[in-house]
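Me: I've got a structure open and I'd like to learn how to read it feature by feature. Can you walk me through it?

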Amino acid sequence: MLPTISGLIPCSAVFLPAEPAREGRIAFWRADPAEGLRLDGQGTAEQLTIVTPDLRRTTVTALVLPLADALPLLTRVRAASSAGAAPFWGAAALLALRFAARGLLLPGLSPAGYDAWRLGPLDAADLEEVRELAAAMPPDAHCVPVAPAGPGGDRDTGGDRDPGAPPRLPAPEPLLRAFLDAVADTLPRSPAAPAAAGGSAFAARPARLHPELRDWAAEVAAGHDAGVRVSLRIEVDPDTEPPTFRAVLQMHGLADAALVADAADVWAGSGPAAAAFPPRARLDALRALRRAARLWPPLAPLLGAAVPDAVNLADEEVAELLGEASEALAADGVQVHWPRGLARTLTARAVVGRPATGSGPAALAGPLSAGSAHPVGWRYALGGQGDLTADELDRLAEAKRPLVRLRDQWVLIDPAAARRARALARQEREVTAADALAAVLTGSAELDGTRYDVEATGALERLRTLLTADPERAEPEPEPDPDPADPVPSDPGHSDPGHAATKHAAPEDTAAPADVQVPAALRATLRDYQLRGLRWLARLTGLGFGACLADDMGLGKTVTLIALHLHRQEHGHEGPTLVVCPASLLGNWQREIEKFAPGTPVRRFHGSGRELEGPAGGFVLTTYGTMRLDAPRLAAVRWGMVVADEAQHVKNPRSSTAKALRTIPSAARVALTGTPVENNLSELWAVLDWTTPGLLGRLGTFRTRYADPVESGRDPRAAARLGALVRPFLLRRKKSDPGIAPELPPKTETDHAVSLTREQAGLYEAVVRETLAAIAGADGMERRGLVVKLLTSLKQICNHPAQYTKEQPGSKEATTAAASGKLELLDELLDTILAEGGSVLVFTQYVTMARIIERHLLARGVASQLLHGGTPVPRREELVDRFQAGEVPVFLLSLKAAGTGLNLTRAGHVIHYDRWWNPAVEQQATDRAYRIGQTQPVQVHRIIAEGTVEDRIAELLQRKRALADAVLTGGEAALTELSDAELAELVALRPTASGE
């Protein structure tokens, strides 16, 4: 168990170095001895002499821990505070861990001969970071006086020194470096390390002397961060015939980057720079030179020279240095410096695309038609002097020597490299449309195993400009296409029968997205970021591409998509829009369309007896399951747009659902999801390869080119290339984004309508039928009791059949979401909220239902906790603290037990699983999150079983608020006075849509 220190902040701390470094310790103490420190775990109490800020010695009782035990404490101290000695050493610990995580560990011997690891080699940026941290060291982080000079090993307590002399304190930077090296010497020494290393050296924790490793350690140090560094300065004499080359050996100081001198001067001891090198610099230089000669043999003559000053180079050796030899030497720290002003870098860039034949949308997207190919040309430049002509490239390729006179200057280039460049330039080659698009968007392409910069030309360049433009800014509108009927193929790489070409009736879809206005038929005011999303979608779909709108939950993806449908209808795009979504979202989609686009036809293709016949140009709603079963029927319709809501449902491209979705033809495809990537980048490929087939290539190619290098961290630039490629086709926005957060209201309330499952509907109708029959023959209190029982039973059935049938909470029937539309929607909401890193309160009236949800979430591996009326007060406080600390993201609460007295501002979402028919009670529960101290917008989700008594009461609350407040304050009891006919009307199960 890790030790913990109670009351560690504020306290003082200091590092006590030792030999070897891993034996170092950390001492903690409090300024007020009466307060003290309590240590739970390991450590010892010691009397420690320190120096106060007024330079007086005093003795404190300190808790001293071995460094290995102190490290976990220091990292937590760093997170708890940002000032003081203990947090300083916490910051130093994190810096050491970060260096170690980068593999900056070197073996060596301590001054006494112990095996010891240290941090290194550190580059200039690393050293600057160490210096900056050392400069911030507070006084009490190095207030232990250092030992006096002499044979004694005790710390300075006065000794023979003048008592009036100020005490000597350790310098901040050396002390910090000693701490960093102590961490480095501690980390690798795990219990299994000796077995893995095949011995105790550099693996075992006990200190052991290893004098036999002294020479080996010096060799390692000289190769990395000790001694000196050598380099080669290439000198050219163009006035000789033929021109001559020689490599001059230079020496560099590691501690001082400005210290550089020729090796000949150091051997002769001439010049101030040479005198600044330490006496053993010659030996260190010879060691470095010996390693360099093993990498490049032409340096071997320097090893036998009395003074290793310079070596003459043959033409072929110069050519080697211009290529792989220079790279090999640089990898070992030996840089090659060429004369300034001598052009020697032949750079190539690929030119992709062909001249445009028009200027309208068809001309822009036409180059990406299925099966199209794009020619690749080449441009070469030398030393930034502009592109080379074909004749100049010929001169370089036909030269016999690496030094050529070109454009009134000397050019140093490997003739073999110039010949390869000329051969490449003469090749006629083409790339696929998908590769062409990827190349111009990322600015680079890999051809024959080499990556080149890419320049787009013609229509491809204009398309790149459109795709990468900021949606918030207006764009120049292209001139009308000379052939507006020319189809715009939308498949940039491989065949997908479901993604059909479309025809553009007007160029404004692609020309100026900032000019796209809110459709006249939309009954909503779009926020600025929603309008930008509409313009972005209109531009992409107008070009024949697909799009993925990946906004956070609550940012209005649904209303933005409805606006896009209306916009496309206004601009002549024919055909209905098919929305494929989870079954739990069908009701929500229908209500949102009826609310924001009244008069727009909408029907569900779901359930038994489903039909597709109906008004054209509206919406058809279906589920992923129905789509999979009826894909041939859906594929026979000419859809204007297909929308995949919660598109993570098709993140597995090999699933039957994903394959079926690809067979449905459409002029445009849009994916809606808050979580475009949940587990790995293959999920991103699955979504974007559906919206814009071929964009990312085949899955195997995508994994090799992007996913594996990004996920493994092997190629940091692969992530940048992938981002540049997908950014035009994926719009990801979060509630915390600067341009969005100010636009969000502090609280957003949404009603989510869900359909009853077949089991729920059967139970519901049976209970209504039997109970109404019993009520018809009853009166007085008996009738009132039957009405309350009816309403309670119906609400339980709407929640989950297992709640009504009293199934055991742990049974399969009581935990499956398939049996309850509400539980299925709850899963959808929680998946999105948790994927976004959010926290949520889930309220229900019934403890039994809360336990069903708790068991269901446990089976799904979702962390949750439950608070109800029977929760003891200490446990209640513990649950609140855990939630507020972010330890548990889902908090289940019974409505009455949690309606007051709780501050749960960690939550950004509140879900009312069932309705309490007194709005004030629901509001009190919501206010557990929406209260003073809340720093994020709160989204309130109310789940309603459509076509049921819940639906009827929700309508009453919306339409007749005053009446609802008066009548429903008493809950179910107020409804017991309804007549039999009124009661039957209230509870009857109504069909939710045609075709079901």
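Predicted model: local features only at pLDDT ≥ 70, side-chain atom pairs only at ≥ 80, totals over all residues.

Me: How many bridges join β2 to β3, and which way do they run?

Reply: As a general idea, strands in a sheet pair via backbone hydrogen bonds, in a parallel or antiparallel way. Here, β2 and β3 (residues 25-29) run antiparallel and are joined by five bridges.

Me: What is the strand order in the sheet?

Reply: The order is β2-β3-β6-β5, four strands making an open sheet with antiparallel pairing. At the edges you'll find β2 (12-16) and β5 (44-51); each has a single partner strand, so one side of each lacks a neighbour in the sheet. From one strand to the next, the twist averages 40°.

Me: Now helices. Is α19 enclosed or open to the outside?

Reply: Count the buried residues, meaning those under 20% relative accessible area. In α19 that's 14 of the 15, so the helix is largely enclosed by the rest of the structure. α19 covers residues 528-542 and reaches 21 Å from first C-alpha to last, close to the 21 Å expected. After the helix comes G544, with a positive phi near 95°.

Me: Where is pLDDT under 50?

Reply: The protein averages 79, and 81% of the residues score at least 70. Residues 1-7 stay under 50, with 24 contacts beyond four places in sequence. Residues 474-495 are also below 50, and that stretch has 66 contacts in the model beyond near neighbours in sequence.

Terms used:
Residues numbered from 1 in each chain as written. Heavy atoms only, no water. Helix = DSSP H or I, 4+ residues; strand = E, 2+ residues; numbered from the N terminus. Expected span 1.5 Å × (residues − 1). Buried < 20%, exposed > 50% of the residue type's maximum accessible area, 1.4 Å probe, protein only. Pairing = 2+ DSSP bridges. Axes fitted to C-alpha atoms, helices over the stretch in contact; angles between N-to-C directions. pLDDT = per-residue confidence, 0-100. Contact = heavy atoms within 4.5 Å.
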